[in-house]
Amino acid sequence: MPAVPLPEFPRWAKFGYRFIVNNFVTLFLVGSMTAVGWELLQLGPDEIMALWRSLQEQPVSSLSAVFLVAFVAALYFMSRPRPVYLVDYACFKPPSTCRVPFATFMEHTRLINSDEKSVQFQTRILERSGLGEETCLPPANHYIPPNPTMEASRAEAQLVIFSAIDDLMKKTGLGPKDIDILVVNCSLFSPTPSLSAMIINKYKLRSNVRSFNLSGMGCSAGLISIDLARDLLQVHPRANALVVSTEIITPNFYAGNQRSMLLPNCLFRMGAAAILLSNRRREAGRAKYRLAHVVRTHKGADDRAYRCIYEEEDAEGHSGISLSKDLMAIAGEALKSNITTMGPLVLPVSEQLLFALNLVGRKLINPEWKPYIPDFEQAFDHFCIHAGGRAVIDQLQKSLQLSAEHVEASRMTLHRFGNTSSSSLWYELNYIESKGRMRRGDWVWQIGFGSGFKCNSAVWKCLRTIKAPVDGPWTECIDRYPVDIPEIVNL
Amino acid sequence: MELLWTISATLLLCSLLSILWKEFDRRRNRNCYLLDYVCYKPSDDRKLSTELCSDVIARNKRLSVSDYKFLLKVVVNSGISEETYGPRSIIEGREECPTHDDCVDEVDDCMHRTLDELFLRTGISPIDVDVLVVNVSMFAPSPSLTSRIINRYRMREDVNTFSLAGMGCSASPIAIDLVNNIFKTRKRTLAVVVTSESIAPNWYCGTDKSMMLGNCLFRSGGCSFMLTNDPSLKHRAKMSLKCLVRAHLGADDDAYSCAIQREDAEGRVGFHLSKSLPKAAVLAFAENLQRLAPKVLPVGELALYVLRGLRHRLWRSKEARTDAATAARVNFKSGVDHFCLHTGGAAVIDAVGRALGLTKYDVEPARMTLHRWGNTSVSSLWYVLGYMEAKKRLRRKDRVLMLSFGAGFKCNSCLWEVLRDLNDGGAWEDCIRAYPQQTLVNPFMEKFGWVKEA
């Protein structure tokens with residue numbers, strides 16, 4: 001039997017319901033204050049003087065009342081966690097010399113790979129990928145065949161990471177000696193000493209800097225780094241944390257012919273982001289965002305989810321990352337789990353009430369009712385969905401019932417920069433800012449997916465209106481966007 | 001009005017008590033307790049005998065006679081026995097071309113054996129784990145090693161995982177630092193840390209001497225341990241963390257590049273150990289001790305140190321040069337009872353022992369660990385701890401200092417307080433009675449001693 005659809009209410013009714021439920025406390029307070037004020041106005045001057053004198057005669061009780069209020073206020077403020085501010089961030093802008101237009105990619109593929117079927121497969125992937133002509137690969141990948149040495153990998157790491165950090169330091173005036181915490185995440189390249197040690201060496205950071213290097217954690221590792229930095233900032237007062245998210249492409253070129261492993265070659269591109277987080281009160285004035293929530297979901301206990309993004313060797317011994325056909329379905333399930341935890345934290349009371357009523361109704365009254373999908377557009381103003389691929393963005397748009405404008409940042413980032421893995425969320429945020437859409441009080445939801453299978457999300461609140469033009473990777477091209485991305489590009 | 005006064009006073013008192021309780025509760029949950037630890041004991045078919053070692057070295061046809069001699073010298077002087085373990089792929093002859101499965105199997109064997117035993121001994125189910133940290137420096141597959149563990153043990157969806165890589169031989173204290181910080185932000189949290197190193201994918205098959213040392217020195221090993229900040233589990237805990245100090249000398253170029261993974265002149269990847277490594281180690285060590293001393297030493301000893309320093313400075317002309325060195329030394333044994341030193345090599349242990357003014361008894365656990373297990377990198381500290389426990393040296397209220405060095409260049413240390421008398425044999429169960437060995441008969445010396453004269 002088909003699910004019973006929910007009744008459709010007129011717009012004014014929906015608006016009225018949301019306004020009353022979400023502002024219930026405010027409305028109640030305003031109501032009671034108006035009533036008290038009205039009562040006061042009814043009193044004559046004599047009665048007011050009598051009231052004043054009675055207060056003066058009881059100094060102890062009135063003083064204790066004042067202290068009581070002060071103590072309760074202090075208790076409240078002490079129990080709140082330290083706010084974590086995002087002061088600013090910078091994304092790596094790839095040089096145009098690293099560009100890989102479709103023609104270049106296809107020509108190189110034909111010269112490197114002798115198997116015609118693999119070449120055709122990659123052509124079809126590229127046609128439907130949603131990538132544009134300006135995405136970039138590191139210099140080592142421009143060789144025919146690519147030259148994936150450790151030296152070249154380190155060179156790429158130095159190029160992308162140092163550019164991003166230099167930009168960040170220029171924007172924020174941050175000095176190397178001001179950095180107390182350093183978290184770096186790069187999934188597919190982890191030399192010894194680590195990339196965090198490389199940064200400490202280049203910028204001469206202090207010897208007591210707390211550094212952590214996360215590796216192998218996939219495309220959602222950027223939010224894991226943010227989570228770790230947030231925990232550290234809760235413990236250390238007056239601290240600055242530098243978070244660097246990147247993926248190094250050089251050592252990961254797949255040289256074989258197995259189809260499930262050819263996708264990363266087509267989609268992954270160069271990118272990096274450096275983010276400055278702080279818990280210093282004086283940064284609140286110039287910080288762009290405040291971190292509200294981070295929710296992490298790991299579906300590794302389920303074998304299907306665990307194997308859907310898996311590094312292995314093919315029959316010929318070439319190492320690569322295979323993506324399973326179940327990827328979209330698994331991403332949908334992981335998102336559902338993540339939302340179950342995230343929902344109560346961010347949804348307005350009106351949506352939670354509706355969801356709860358619908359749930360109760362489905363359990364007690366009629367199991368055939370269609371499940372109510374909370375309207376996340378009520379909770380968030382902007383969405384940054386990991387630009388993993390066109391299919392991922394399509395799937396999420398459908399699951400969350402988002403409009404085209406809400407997924408525009410993700411689609412355009414995929415088009416201009418490709419899948420830059422963990423740093424893609426920051427390119428998307430920069431797109432929204434460059435378009436002048438970020439206003440004070442706006443809520444942003446960043447969602448990342450990655451191997452494991454993990455779904456991690458972070459919620460930020462914008463602290464000041466950000467005026468375009470914004471200095472960043474979109475500076476020169478923002479006016480050309482948004483572009484219309486055809487379903488299939490003919491190559 | 002009396003009633004109003006009473007009510008106000010009561011509410012005031014309640015708020016005050018509430019604030020005090022919150023503060024007390026916060027402090028109660030800030031401790032980091034070590035519930036238990038399990039050191040990895042590979043199967044006996046993975047033991048590296050002298051025969052096997054020389055066979056493996058001889059397999060590399062690119063080596064000249066002088067290279068072969070050099071390698072044998074390193075092995076002969078290393079202070080290790082025939083009981084140490086190597087990865088299966090190297091024993092079976094695949095050291096130059098290990099498959100992805102070889103590398104994964106090596107780490108899996110360590111993680112699964114130690115975790116199975118850890119969950120069994122503590123009686124805690126994997127479903128109760130809140131935080132999972134894995135640190136394996138030289139191998140980081142996708143999905144991460146933490147995901148492998150979550151999949152095998154069917155852990156919860158909201159487990160916070162962290163996979164640290166590239167952080168060198170002193171990553172164990174770094175993992176503890178990470179967990180300790182998380183403990184300060186959450187109540188009643190249980191964390192599992194797996195620390196190991198991957199040898200199979202990192203065998204060097206070239207001829208650069210500075211990179212061949214890694215081949216000779218590292219051995220298979222690992223450890224899994226469980227930490228918690230839940231005060232209700234304190235009675236079951238073995239030790240409590242007192243302080244942790246991390247010193248990173250990466251800002252100095254020589255220190256950064258003295259232990260680095262890179263390609264040799266022929267493009268083969270290996271782990272390069274340069275001649276400036278001892279100097280970097282000394283500097284990092286000094287930096288760490290400088291910050292550690294005030295946290296670890298009793299006030300009396302610190303005062304004595306200051307006085308000695310003053311005396312040396314004021315009466316400089318009357319002091320002989322040798323006295324200056326003794327005047328500057330701090331007696332760490334006044335604040336620390338046991339020393340877990342990183343088993344980087346016989347020379348490292350001796351040098352650190354001398355610097356800290358330790359006796360033969362104090363460095364015995366580290367020397368014996370090096371002999372029995374070799375240099376197991378990050379997990380060596382835990383084998384040394386295991387030796388002390390198996391020898392029944394760890395008594396309640398004893399203080400244990402863990403000290404390690406690693407690429408970067410880092411020197412990390414942490415101080416533990418033993419909470420109850422500890423008696424487990426652990427990985428040393430079957431062989432502790434044979435230790436301490438009075439003369440460290442080196443089987444390599446017997447067979448290849450001619451190398452020293454040649």
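Modeller: Leaving out residues up to four places away in sequence, His298(A) touches Gly452(A), Phe453(A) and Lys454(A), together with Ser147(B), Ile150(B), Arg156(B), Glu157(B) and Thr161(B). Contact here means heavy atoms within 4.5 Å. This is a predicted model, in which local features need pLDDT of at least 70 and side-chain atom pairs count only at pLDDT 80 or more, whereas totals for chains, interfaces and linings use all residues. Residues are numbered from 1 along each chain as its sequence is written, chains are lettered from A and ligands numbered from 1 in the order in which they are written, and side-chain values use heavy atoms, with hydrogens and water left out.

Colleague: Why is His298(A) called buried?

Modeller: The relative accessible area of His298(A) is 2%. Buried means under 20%, exposed over 50% and partly exposed in between, with a 1.4 Å probe and protein chains only. His298(A) is therefore buried. The residue is found in strand E6 (residues 289-298) of chain A, where strands (E, at least two residues) and helices (H or I, at least four) are DSSP runs numbered from the N terminus.

Colleague: What makes the pairing of the side chains of His298(A) and Ser147(B) a polar contact?

Modeller: The two side chains are paired at 3.1 Å. A polar contact is a pair of N or O atoms within 3.5 Å; within protein, one must be able to donate a hydrogen and the other to accept it, and residues adjacent in sequence count only if both atoms are side-chain atoms. The pair His298(A) and Ser147(B) is accordingly listed as a polar contact.

Colleague: How is His382(A) classed, buried or exposed?

Modeller: His382(A) has 9% relative accessibility and so counts as buried. It lies in strand E9 (residues 382-385) of chain A. Beyond four places in sequence, the contacts of His382(A) include Ile432(A), Arg437(A), Asp442(A) and Trp443(A). With Asp442(A), the side chain of His382(A) makes a polar contact at 2.9 Å.

Colleague: Which residues carry the UniProt feature "active site", and how do you know whether they gather at one spot?

Modeller: An unreviewed UniProt entry places that feature at Cys219(A), His298(A), His382(A), His386(A), His415(A) and Asn419(A). They span 201 residues in sequence and the farthest two C-alpha atoms are 28.5 Å apart, so they do not all gather at one spot. UniProt positions follow the numbering used here, feature names are shortened, and annotations may be inferred rather than shown by experiment.

Colleague: Why is H1(A) called roughly perpendicular to H13(A)?

Modeller: The axes of H1 (residues 11-22) and H13 (residues 349-364), both of chain A, come within 8 Å and cross at roughly 105°. Angles of 65 to 115 degrees count as roughly perpendicular, those under 35 as roughly parallel, those over 145 as roughly antiparallel and the rest as oblique. H1(A) is therefore roughly perpendicular to H13(A). Among the residues making the contact are Tyr17(A) and Val21(A) of H1(A), and Leu353(A) and Leu354(A) of H13(A).

Colleague: What makes Phe70(B) partly exposed?

Modeller: Phe70(B) has 24% relative accessibility, so it counts as partly exposed. Phe70(B) sits in helix H3 (residues 65-76) of chain B and touches Lys209(B) and Leu213(B), residues up to four places away in sequence not being counted.

Colleague: How many of the residues of chain A count as buried?

Modeller: Of its 491 residues, 53% count as buried. Chain A has 16 helices and eleven strands.

Terms used
Axes are lines fitted to C-alpha atoms, for helices over the stretch in contact, and angles run from 0 to 180 degrees between N-to-C directions.
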